[in-house]
Structure formats: C-alpha cells, structure tokens
Amino acid sequence: MHWIIRFFTIYRNITSFCALVFVSLWMMSSTPVKQEKIARILSFSIFYPFQFYISQTARIKNIFSENRKLKEDNAAQAAAIAMLKEQAQEGARLEGLLSLRGNYTYDLQVARVVAREPSSVSRSVIISVGKENGVAAYMPVITSLGAVGKVVLALPHMALVQLLNDPSNRTSVLAQRSREVGILETENGEEFFIRYRTHADVAPGDTIVTSGLGGVYLKGLTVGAVTRVVTSRDPLFKKVFVVMSVDFNRLEDVFVIRVKSQWTSFRSELDSLERRQ
Amino acid sequence: MIMHYLRWPILFVACFILQTSFVPSLSVLGVKPDLLMIVLFFFSIRYGVMAGVFVGFFMGLAQDLYTPAILGQNALTKTIIGACIGLFNEKVMRTDPFVKTIILFVMFIVHDSVFMLVLLMKNTNHFFVMVPDLFVKTIPRALYSAAIAALFYAWEFLPKPSGRR
C-alpha cells in the first residue's frame, strides 16, 4: 500500500494524465443515448441560463436602431400583407373549387437564437422560446429561406434546436420537379448529399424540399438546390450534392412551426421502451 | 485573497460564455478564434502539467456537455493539450513570447489532429472529408487565435503608468 502512494506521489503528473485519459475514453465508449441524455440535462442546468442573460444584454445595444428599422419595415409590409390577404382569399377559393385539402396555415412562433455550440461548426442552437410559448420537442424550425432544424428539447423559456447540418440528423426530402424521395445526409456539417437510385430523375438546379414523410417537417419546406450529381462505384445509387438555402452560421431569428408531430405518440412509446431497457 | 483563487475559474467561465455568445460575431470568413484554447494555454504554461491536465479535462468536459456529439471527445483532446502545454511550464523553462505564440499555434494543430483522430476511430469513412479540414479550418483558426494571444503578450510589454512592466 505504501509503495502505491509513493508511486502516485512521484509520478503524479503521469498518473493523473493517464487517469483522466482513461475517464475520457470510458465516457466515449458508453452508449450514445446515455451520453446524450446526461450531457443535455447537465448542460441545460449549468450553461444556458448564463448565456441567455448575456445574449439578452448584448442585444440591448442594437435595440433602438432595430426598432426604427422595424417601424419602417412594418409600414412597407402592411401594404404587402393586404395584397397577400387578397391572394390568400383567392387561393382558398380556388382550393375549395378543386376540393383539395391542405394544411397551409402554419402557427408560427418567432424566436431568437441566443446561444450556439462552441465548436467551429454549429450543429445545435438555443432559441429564446420554450414550453411557455407552446413549443415542444419535434417541432420544425424554419427561416424565411427554408428549413433549419427541429426542436429536440424544450424548457419553459428556452429550447434546443438540432440543425439540419448535424451529421446525426437524417431528413426525408424530395426533389420538387421529379418528386423523387430521398434522405438528406451530411458527414461534416457543410457538405450535404442525398443517395438516390441510379435511374432517379434528379439534375443540377432542382429544388429540394421536405417530403413530410419523417413525421417532423411539414411537406414542401425548402431545403436547398442540387449542385451536382456524382455516380459512384455503387451500381445502385448515385450521390446528389445539395447546397442548403439556409446559412447555419448566420442564424439570428427563426420561426418554430407549432405543429404536433405526426409520430408523437409513436415516439413517446419508443422513449418509454428505451427507458425500460 | 478570495479573488486570487477565483480569478482563473471566473476567467474560464467568462471565456466559455463569450465563446458561445460573442465570439461568433468576430468570425472572419467563417474563421473564429478559440478563447478556451488560449486560456488553457496561458494557464498550463504558467502552472505546469498537473494543473494543465486537470483544467484541460474539465474544460473539455464542459464543452462535451454543451456539444454532446461524442461525450469525452473534447475532454480527451483538452487533457492531452493541457499536458503538452504544461511541458513548456514557465517555471521550468523561460521562453520568448514569440516562441510561446508558435507553441500555441502548434498546439492548435495537435488539438485538431487528436480531435479528428477520435472521430476517425468512430467512423473511418470520414477520413477524406476531415483531412482537408485540417488545412482549410485548423490553420486559419490557429493563426487567428495565435494573433489574439500575441496581442496579450504585446499588451504585457506596453509601458504602464504605474511603472510595472
């Protein structure tokens, strides 16, 4: 026993280094679900309240000029809204005539991005709205340019949004022109691609929108445009590269679509099964 | 006296908050400085391997809690970096501020290399995506951060009204 204490005292630098490396490796080898749950609970209770208040303080600086600009925009948009209302009424009339049933009235909640990931590529952001504003998990988040991501965790006044550029995110999309459905993927958060069957009709310039099949995103939200099509050695599939319509590094204001996920009940069932395991 | 002990923890927390809220607005062509690495560098070079290892671990763990991609990935990387920087402890060897800035630059390269190595251990398919990132992202980020660290050293050498250097 004595020689162990002596060993640790003499080689304290090496032993502490080895111990901490071992702890890190142990954490890395635990299951992803367990890792994610622990990390999210701890980080929400430790970091985000600080960030929220600092972010709010920093925004006060710009609030006066922003207010003036918003008033100008408001006047311009009032006229545009009047015109759009006319068009909406016309659209509703035509829809009725065609006997189409569509849910185009999104219940939007405006939110501000108050914190980002500290890494070079942001894969999740914190927004300034939460359960108090009717926001819940699996609600889609968009900007005027297109889909941004989905809410993965909602607290009373804040929510964590997983962005589309998170490599663990898979989004069901379709090519607007040919209606070919695929899964949008990314490996590094910057280059996005869809694996289509070789004979799928997809060409550069095609607009990619959400398919609505994943149960989270509503159908028809803009995702991006096809830049190039690469035929790989795999005879069954080709890789279609997509440039995203949203710049994930410049997100400031977003909208949460307050719509209940189609698969909420299914997901809660899965979660309860996971907990039992 | 209390402030003497609380100085570094406050600095770590402040840097972490700034890194996640203010630093993105300092980005130039998408390149952001890494305040956490800079503070870890200043701390480890002053207090040595032991302190660097522990601070690096907890700093990395804090980052991991924030970014739960692979829990422990940042902790491992920062522990290694804390140990490496600690080897250049000011009490053991006196180094020029210019040399220290170069050490910081090199540590950034080591940091990102270890980080990528861990990712590759999890998924070998990422190899050809990640290796170019080492040149495209790491080197500009290292240069930007080293420039900020150099500013701190330059400030140290400015003449002060109280007469201290």
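Biologist: Over which residues of chain A does pLDDT stay under 50?

Modeller: This is a predicted model, and pLDDT is the predictor's confidence in each residue, from 0 to 100. Over residues 99-104 of chain A that value stays under 50. For this stretch the model has two contacts beyond four places in sequence. For chain A the mean pLDDT is 80, and 82% of its residues reach 70 or more.

Biologist: Why is Asp96(B) called exposed?

Modeller: Asp96(B) has 9 C-beta neighbours inside 10 Å, so it counts as exposed. Asp96(B) belongs to the loop between α3 (73-86) and α4 of chain B. In space it is 10.0 Å from Tyr153(B), C-alpha to C-alpha, while in sequence the two are 57 residues apart.

Biologist: Why does Arg179(A) count as exposed, and why is Tyr138(A) partly exposed?

Modeller: Arg179(A) has 9 C-beta neighbours inside 10 Å, and 12 or fewer means exposed, so the term applies. Tyr138(A) has 19 other C-beta atoms within 10 Å.

Biologist: What is the phi of Tyr138(A), and is it positive or negative?

Modeller: It is positive, at about 75 degrees, although Tyr138(A) is not a glycine. Arg179(A), also not a glycine, has a positive phi of about 65 degrees. Most residues other than glycine have a negative phi. As for location, Tyr138(A) lies in the loop between β2 (124-127) and β3 of chain A, and Arg179(A) in the loop between β6 (171-175) and β7 of chain A.

Biologist: How many bridges do β7 and β8 of chain A pair over?

Modeller: Three bridges, in the antiparallel sense, between β7 (residues 181-186) and β8 (residues 192-197) of chain A. Two strands pair if there are at least two bridges between them, so three bridges are enough.

Biologist: How many bridges join β8(A) to β11 of chain A?

Modeller: Six, with the strands running antiparallel; β11 covers residues 237-244. Phe192(A) stands opposite Val242(A) of β11(A). β11(A) also pairs with β10(A), over seven bridges and again in the antiparallel sense. In that pairing Thr231(A) has Lys238(A) as its bridge partner. The hairpin from β10(A) to β11(A) passes through five residues. β10 (residues 222-231) in turn pairs antiparallel with β9 (residues 207-210) of chain A over three bridges, where Thr207(A) faces Ala225(A).

Biologist: Which strands close into a barrel, and in what order?

Modeller: Six strands of chain A close in the order β1-β2-β5-β4-β3-β12, with antiparallel pairing. Neighbouring strands of this sheet are turned by 45 degrees against each other on average, direction ignored. Take β3 (residues 140-143) and β12 (residues 253-257) of chain A, which are joined by two bridges. At least two are needed for a pair, so these strands qualify. Val141(A) has Val256(A) as its bridge partner there.

Biologist: Which residues have the most contacts inside the largest nonpolar core?

Modeller: They are Ile127(A), Val148(A), Ala159(A), Val161(A), Val223(A) and Val242(A), in a core of 46 residues. Leaving aside neighbours within four places in sequence, Val242(A) is in contact with residues including Leu184(A), Phe192(A), Ile194(A), Ile208(A) and Val223(A). Another core lies apart from this one and has 39 residues, among them Ala39(A), Val39(B), Met59(B) and Cys84(B).

Biologist: How many helices and strands does chain B have?

Modeller: Five helices and zero strands, so its elements from the N terminus on run α-α-α-α-α. Of the 165 residues in chain B, buried ones make up 42%. Among contacts in chain B between residues at least 6 apart in sequence, 62% join residues at least 24 apart.

Biologist: What span does α4 of chain B reach, and what is expected?

Modeller: α4 (residues 97-122) has 26 residues and reaches 38 Å from its first C-alpha to its last, close to the 38 Å expected at 1.5 Å a residue. Its buried residues include Leu104(B), Met107(B), Phe108(B), His111(B) and Phe115(B). An α-helix has 3.6 residues a turn, so residues three or four places apart point the same way.

Methods: Residues are numbered from 1 along each chain as its sequence is written. Chains are lettered from A and ligands numbered from 1 in the order in which they are written. This is a predicted model: local features need pLDDT of at least 70, side-chain atom pairs count only at pLDDT 80 or more; totals for chains, interfaces and linings use all residues. Helices (H or I, at least four residues) and strands (E, at least two) are DSSP runs, numbered from the N terminus. The expected span of a helix is 1.5 Å times one less than its number of residues. A residue is buried if 20 or more other C-beta atoms lie within 10 Å of its own, exposed if 12 or fewer, and partly exposed in between; C-beta atoms are placed from the backbone. A nonpolar core is a set of buried Ala, Val, Leu, Ile, Met, Phe, Trp, Tyr and Cys residues joined through C-beta atoms within 7 Å. Two residues are in contact if their C-beta atoms, placed from the backbone, lie within 7 Å. Axes are lines fitted to C-alpha atoms, for helices over the stretch in contact, and angles run from 0 to 180 degrees between N-to-C directions.
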